[in-house]
Amino acid sequence: AFSGNLRNTSSTWTHNFNVQVTNPDLFQLPAGSVGVAGVFQLGYQHWDNPVDPGVSGDDYFGLSGTSGSGNRANRAVGVEFSIPLLKSLTASVSGRYDSYKNIRAGSDAKATYKLGLEFRPVDSLLLRANYATAFRAPDMGYIFTGGNGFFTSQTDYYKCETYGPNPACPFEGLSLEGVQVSNPDLKSITAKSYGFGFVWSPSDRYELRADYYNVKIDDEVQPQSFNRTLFDENECRQGRLDINSPTCVDALSRVQRGPLNANPLLSESVQLVTVKAINIAEEQISGITAGGSARFDWGRWGEFGFGLDYNITLDHTSILF
């Protein structure tokens, strides 16, 4: 009578159909042949994560669960050209168009591109650089979740300020219940990147390489902060933020409190805080990757290879909102 078994059967699958065509000699330029590659893709994704009825029916004390189900269809077409500008200079130009449709939810489509240059002043040295745009669809869990329940230790800022006493507030470290709900209106996550580097290979047995990269990501998906929601709610209730502002309207709508009570410990207690994932974050990272390798033929003892790789992050900045 005091215990039970939780039974969940989840399923997920992805189907993809890809067609690729290449032609390394599409037509001739003075510096050489123009090559082309194309791709066409169709895909379908399914995700189903039910929750045990006992959890959703409150049969278990202090326990919540995660559920959700959804389907996504996607299609894409892309093309890339390799263009010899000079005998020692080659450009690559590519473009791609992706679209996806979340069944019974939001959809989006994006065009992305990439530009690259390769310069070989001598046979043993390659200099390269590129600039690209990118995007990806939000995780299906954020879009199709049927409710992700959880408990977390938080401070009830409103009750601390209203019912006190401070600084020894009795409403710190409370175990509060939250639920993360779906957001079918999430936008795609976008990115821009650039980089440059070199590869030095004096022979087919030795290679040295190094590249600098810089990536900036916009509209990253982050769940709303439980703590920030309670903080903003108190600022609005105390009049330090405009009660009619979008911040206040949002925060107050997501904090569910109980009724007033003569006992301060029970009055206006937080019953549930609702959060959802939103396109709110930005991230930028830059760094250097480098490495080298060497191969030696030791006759009847065989061939031996040695390699060394190095990676350093120069800067990594995240902005949550």
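Buried means under 20% relative accessible area, exposed over 50%, and partly exposed in between, with a 1.4 Å probe and protein chains only. By that cut-off, both Cys236 and Cys248 are buried.

The model is predicted: local features need pLDDT of at least 70, side-chain atom pairs count only at pLDDT 80 or more, and totals for chains, interfaces and linings use all residues. Residues are numbered from 1 along each chain as its sequence is written, and side-chain values use heavy atoms, with hydrogens and water left out.

A disulfide is a pair of cysteine sulfur atoms within 2.5 Å. Two disulfides are present in the structure. With the bonded cysteines numbered in sequence order, the pairing is 1-2, 3-4.

| Disulfide | Sulfur atoms apart |
|---|---|
| Cys160 and Cys169 | 1.8 Å |
| Cys236 and Cys248 | 2.0 Å |

For Cys160 and Cys169, the torsion about the S-S bond is about -95°, so this disulfide is left-handed. Cys160 has 7% relative accessibility and therefore counts as buried. Cys169, at 9% relative accessibility, also counts as buried.

The link of Cys236 and Cys248 has -90° about the S-S bond and is left-handed. This pair links distant parts of the chain, with Cys236 in helix α4 (residues 226–237) and Cys248 in helix α5 (residues 246–254), 12 residues apart. Helices here are DSSP runs (H or I, at least four residues), numbered from the N terminus.

Conventions. Helices (H or I, at least four residues) and strands (E, at least two) are DSSP runs, numbered from the N terminus.
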